[in-house]
Amino acid sequence: MMAGMTGEETRTAMSPPIRSSAQDAELQPPATRAWMTRVVIIGIVLTALNLRPAITSLGALLEEVRDGLGMSGSFAGLLTSVPPLCFAVFGVMAPRLARRFGPAAVVCAGMVAIAAGLAIRPFAGNTAGFLVASALALMGIAVSNVLMPVIVKRWFPDRVGSMTGLYSMALALGTAAAAAVTVPMTRALGGSWHAGLAVWAGLAAVAVLPWIPLVRARGTALSRDAASTPASAHGVPLASAAGQEPSALRITRSRTAWALAVFFGLQATAAYITMGWMAQIFRDAGVPAGTAGLLLAVTMVMGVPLAFVIPRLATRLPHQGPIVVALGVCGLVGYAGLYLAPAGGAWAWALLLGIANCAFPLALTMVGMRARTGAGVAQLSAFAQSTGYLISIPGPLLVGVLYQHSGGWGLPIALMAGLMIPQIVVGILAGRDRTVEDEAARRR
């Protein structure tokens, strides 16, 4: 896999030169540069593995958590809306924190927050404590979500597709693993949902380790070059090569930025409804709990190979609209099957919805392609993700309300299918070959 990344031709290679951590590392001996690059790759993979287990592990045990904490269906819907809310609120802070402390330090702190939140929440004792501890973990996920495209752009500006694919593949693997093994692992640990949720804190603790030397390396770079790079990230200024500060870009003036934000929001709505409710849909259709967890895992695991293929394909196309349409059609067919024969064709629907959920790595790839500079990527990533997650908040909550008041899954599934149409439309608009810097400049 590592060999397949070399020599990739991406559209981002046409960007103006950006001083990156990798370029700063050229001042170091070759062995040191290679070592730092390997550590960054390990850090990216371990971080990605931790960005969804907090959510899908809960989805697999949602019925047990509801019973244990005495939640209503509507409150459970609120619980599934907490992730996008936290991602929107905390994600917007990530670029500013990165300018102040460096992306590595912020991601390192994010992994600490995930580990602490996941360790605390099962034993909080009540619904309020569970929500607060979940928010702590989700805060760490939020800042890491935003900064991963920035780190990829900085360290691997000529391999955005490959590295985004690697990151997305690891994210999908972590998502699927949590969905697949949480129920059997809970049984192996004595049947307590508390232990089944808490065990994922260990994976987050491991992800802290590779970022520690990178934080130290940034401190060394700053002390060596403080006069010339006062606001660097890993020793990298977040401004462009021309000295433009990130605040100079009026991101809200870009139509592409808005299209990408709405696309991100609608795909996130579908993803969090799937992660929070799909296992329950299958269980209500008569599928055993363990099998329902495996079906959710199948949906998530489809992102492992496709999350590596789709970004590489996207960077080779002048317009990403055809990929958007293909993913949307898979989603529509999957929802239709989930409505007509949820148990009879369960494995087919899980596969199709898993393909549709690969709109997430496509959105991340377009973030890297729709901005020319590292500063532009940071702003676009924060704007698209924060705005998108705000858009996605009502979806899981509305599904819970419709489920409770209608007594079935017909209306919720109709809602999911209906949202796929505007997702396709805005995805086509976001996939056009243009950059937010150019659009913002034209509209001044």
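## A walk through an all-helix prediction

The average pLDDT of the protein chain is 78, and 82% of its residues score at least 70; pLDDT is the predictor's confidence in each residue, from 0 to 100. This is a predicted model, in which local features need pLDDT of at least 70, side-chain atom pairs count only at pLDDT 80 or more, and totals for chains, interfaces and linings use all residues. Residues are numbered from 1 along each chain as its sequence is written, and side-chain values use heavy atoms, with hydrogens and water left out.

Let's begin with the parts to treat with care. Where pLDDT is low, the predicted coordinates should not be read in detail.

Now for the overall fold. The protein chain has 23 helices and zero strands; these are DSSP runs, numbered from the N terminus, with helices being H or I of at least four residues and strands E of at least two. Of its 444 residues, 58% count as buried, where buried means under 20% relative accessible area, exposed over 50% and partly exposed in between, with a 1.4 Å probe and protein chains only. Among contacts between residues at least 6 apart in sequence, 84% join residues at least 24 apart.

The whole structure holds six cavities of 30 Å³ or more. On a 1 Å grid over the protein atoms alone, a cavity is a set of points where a 1.4 Å probe fits but cannot get out, and lining residues have an atom within 4 Å of a point. Grid points are joined across faces, edges and corners, and a volume is the space filled by probe spheres set on the points. The largest cavity has about 230 Å³ of space. It is lined by 20 residues, of which Leu171, Thr175, Met300, Asn357 and Phe360 are the closest to its centre. Two or more lining residues come from each of helix 10 (160-188), helix 14, helix 15, helix 16 (303-314) and helix 19, with helix 14 giving the most, five residues. The lining divides into twelve nonpolar, seven polar and one charged residue; Ala, Val, Leu, Ile, Met, Phe, Trp, Tyr, Cys and Pro count as nonpolar, Asp, Glu, Lys and Arg as charged, and the others, Gly among them, as polar.

Alanine 178 lies in helix 10 and is buried, at 0% relative accessibility. Beyond its neighbours within four places in sequence, alanine 178 contacts Pro53, Thr56, Ser57 and Trp200. Alanine 178 and leucine 49 are 129 residues apart in sequence, yet 9.7 Å apart in space, C-alpha to C-alpha.

Glycine 395 belongs to helix 21 (residues 394-406) and counts as buried at 7% relative accessibility. With neighbours within four places set aside, glycine 395 touches Thr269 and Ile273. Arginine 154, in helix 9 (residues 127-155), is buried too, with a relative accessible area of 4%. Its C-alpha atom is separated by 9.6 Å from that of valine 377, 223 residues apart along the chain.

Terms used:
1 Å grid on protein atoms, 1.4 Å probe; cavity = no way out; pocket = protein on both sides within 12 Å on 5 of 7 lines; lining within 4 Å. Contact = heavy atoms within 4.5 Å.
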